[in-house]
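This report goes through one protein model by topic.

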Amino acid sequence: LRAHAVDMNGNKVENPIDLYIYVIDMNDNRPEFINQVYNGSVDEGSKPGTYVMTVTANDADDSTTANGMVRYRIVTQTPQSPSQNMFTINSETGDIVTVAAGLDREKVQQYIVIVQATDMEGNLNYGLSNTATAIITVTDVNDNPPEFTASTYSGEVPENRVEVVVANLTVMDRDQPRSPNWNAIYRIISGDPSGHFTIRTDPVTNEGMVTVVKAVDYEMNRAFMLTVMVSNQAPLASGIQMSFQSTAGVTISVTDVNEAPYFPTNHKLIRLEEGVPMGTVLTTFSAVDPDRFMQQAIRYSKLSDPANWLNINATNGQITTAAVLDRESDYIKNNVYEATFLAADNGIPPASGTGTLQIYLIDINDNAPELLPKEAQICEKPNLNVINITAADADIDPNVGPFVFELPSVPSAVRKNWTITRLNGDYAQLSLRIMYLEAGVYDVPIIVTDSGNPPLYNTSVIKVKVCPCDENGDCTTIGAVAAAGLGTGAIIAILICIIILLTMVLLFVVWMKRREKERHTKQLLIDPEDDVRDNILKYDEEGGGEEDQDYDLSQLQQPETMDHVLNKTPGVRRVDERPIGAEPQYPIRPVIPHPGDIGDFINEGLRAADNDPTAPPGSTAGSVSSLNSSSSGDQDYDYLNDWGPRFKKLADMYGGGEED
């Protein structure tokens with residue numbers, strides 16, 4: 001505080017002075033831990049004095065006095081094993097360290113320590129206190145080596161099988177499960193020099209699975225005696241030794257199975273000349289049965305023989321030819337013929353193996369050369385037009401070219417008319433020797449000989465068409481026909497036939513057009529809908545109605561009785577009568593008349609109507625042609641009432657005329 005001295009009048013009497021007031025601390029605050037729970041850890045087997053963790057408490061009082069001076073101590077330890085004082089704490093810093101040996105995670109995994117902080121320098125009588133909890137976890141170290149639960153294990157495996165688990169090895173490890181200190185690693189240290197087996201670890205159970213990775217052979221090894229060792233992923237802690245129980249023996253028995261016979265040389269290649277006769281022994285293609293301890297027989301058979309050239313002895317595998325082997329066959333690829341054979345034993349179940357035999361055929365001169373082309377064309381007069389000839393031989397070198405080309409001496413006309421010139425080993429040219437040769441087709445024989453030992457020759461016939469040519473040396477059209485072997489008379493006959501054929505086609509077209517015109521004319525004269533006969537034939541009841549009012553009804557007669565219906569000739573009846581008995585067939589209509597003469601056409605139609613037995617009844621005229629439009633004379637039309645409803649209108653119009 002700053003104090004001022006003044007008189008009664010407020011006048012300054014002396015200089016101001018500062019007054020200092022000091023607040024003396026009292027112990028009115030307890031120590032407070034930063035955390036109520038502290039977590040720490042320490043490895044098992046740690047030596048005394050090993051640092052574990054630090055706890056801290058703060059006091060709001062004056063730290064320069066006893067009121068703010070905090071001291072620490074351990075109140076309790078749970079569990080009190082193996083000693084009640086496994087840890088100690090630095091009273092001033094709060095550091096917790098081990099004080100005794102014997103920390104073992106496999107026995108005690110966690111300790112709970114209550115720590116007290118007291119001010120007044122730890123004076124419990126005057127100081128204020130507070131507590132906190134320290135959780136100390138004992139961490140695992142690899143201080144327990146894995147140990148097999150048994151000293152020996154056994155298993156069984158069939159031969160020739162892989163990826164088969166033959167035995168499960170179980171171990172015990174007291175370290176923390178599924179940690180590097182617990183995970184097991186298995187090794188085969190003896191008994192498997194060829195590496196047939198491996199041991200894989202089951203990640204869940206930690207068991208060792210003895211697995212076949214390389215097929216075993218019963219005939220080579222009937223059993224295996226393995227020595228295996230187990231360890232952990234993490235190395236053992238310092239001072240910990242491997243247990244003798246970390247090593248065990250594994251006995252694996254191999255069971256025999258029926259194995260398939262096999263051909264030791266597969267593919268087997270043999271060489272021989274083509275053309276060997278049928279029944280020739282080529283080789284013995286035998287198989288071996290790996291089951292030496294089984295008395296089994298092997299039978300042989302063909303599996304693939306594309307050309308069916310071979311036979312195999314079912315007992316000993318001897319291969320013989322069933323046909324002549326031909327190198328030029330389509331079944332030969334690159335001079336090699338390939339066949340596959342089957343060898344099967346009589347085991348249970350039976351087993352079989354295949355073998356391939358390759359036969360390399362050496363070429364012999366067994367194919368005579370051929371000439372190409374088989375047909376050619378040349379002008380009848382010598383010029384630059386020649387025929388190029390190529391020789392081809394199915395054999396291969398040295399049984400092919402160079403070839404020799406020559407013309408035969410018989411018939412003599414060949415050498416007289418033709419000449420052949422060799423260009424090189426495979427080609428020659430054929431040309432005319434004479435100045436003119438009549439057009440036609442000539443068979444020209446040519447002898448061609450190869451260079452084989454002994455050589456082979458062949459007479460090939462080339463059909464040569466000799467024809468007249470134009471200025472460019474090409475055959476003319478007439479010349480090509482003539483060259484085909486036809487004379488002048490034959491050519492003229494062919495041309496006449498072509499002209500006749502064209503004329504017939506033209507006449508047929510004209511006739512078809514005329515017929516179409518006739519059909520059109522008839523349609524103009526007679527509409528099919530107005531053809532009464534057609535109507536009667538189709539519907540069987542035409543008559544009456546407004547369309548029939550144009551008829552001259554005076555020509556109709558009333559029937560006096562029904563006898564004319566019952567006794568009249570079959571097929572003749574009134575249009576409104578129902579047929580009695582079988583209905584007669586309507587006569588075939590006459591052929592369409594020639595429309596060129598319309599009068600003839602009409603007369604022929606009238607004659608057909610006169611002779612029609614189904615014409616409308618009651619006509620007084622002798623024929624249709626006698627009909628006229630006269631309506632004179634008295635007529636009784638009451639009979640129209642008997643003709644049915646279709647004639648009712650006519651009956652009403654004419655039947656009652658006298659009364660009206």
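## Terms and basis

A residue is called buried under 20% relative accessible area, exposed over 50%, and partly exposed in between, using a 1.4 Å probe and protein chains only. By that scale arginine 178 is exposed, with a relative accessible area of 55%, while asparagine 308 is partly exposed, at 49%.

The model is predicted: local features need pLDDT of at least 70, side-chain atom pairs count only at pLDDT 80 or more, and totals for chains, interfaces and linings use all residues. Residues are numbered from 1 along each chain as its sequence is written, and side-chain values use heavy atoms, with hydrogens and water left out.

## Confidence

pLDDT is the predictor's confidence in each residue, from 0 to 100. The protein chain averages 82, and 80% of the residues score at least 70. Over residues 530–540 the pLDDT stays under 50, and the model has 18 contacts for them beyond four places in sequence. Residues 553–578 also have pLDDT below 50, with 62 contacts beyond near neighbours in sequence. A contact means heavy atoms within 4.5 Å.

## Annotation

UniProt, in an unreviewed entry, lists "domain: Cadherin" for residues 1–33, 34–148, 149–263, 264–371 and 370–478. UniProt positions are given in the numbering used here, feature names are shortened, and annotations may be inferred rather than shown by experiment.

Residues 1–33 are 0% helix and 42% strand, and the end C-alpha atoms of this stretch are 38 Å apart. Helices (H or I, at least four residues) and strands (E, at least two) are DSSP runs, numbered from the N terminus.

## Two open sheets

Two strands pair if DSSP finds at least two bridges between them. Axes are lines fitted to C-alpha atoms, for helices over the stretch in contact, and angles run from 0 to 180 degrees between N-to-C directions. S10 (residues 110–118) and S11 (residues 129–139) run antiparallel and are joined by nine bridges; valine 115 has alanine 132 in S11 as its bridge partner.

Another open sheet of four strands, also with mixed pairing, has the order S21-S27-S26-S23. S21 (268–273) and S23 (298–304) each have a single partner strand, so one side of each is left without a neighbour in the sheet. The twist here averages 30° from one strand to the next. S21 is parallel to S27 (residues 352–362), with six bridges between them, and arginine 271 stands opposite tyrosine 360 in S27.

## Pairing around S35

Strand S35 (residues 457–467) is parallel to S29 (residues 375–379), with five bridges. Alanine 376 has valine 464 in S35 as its bridge partner.

## Backbone geometry to check

Asparagine 266 and histidine 267 are joined by a cis peptide bond, with omega about 15°. Histidine 267 lies in the loop between S20 (247–255) and S21. Another cis bond joins valine 410 and proline 411, with omega about -5°; proline 411 is in the loop between S31 (404–406) and helix H1 (412–417).

Arginine 178 has a positive phi of about 55° although it is not a glycine, and is found in the loop between S15 (171–172) and S16 (184–190). Asparagine 308 has a positive phi near 55° and is found in the loop between S23 and S24 (310–312).
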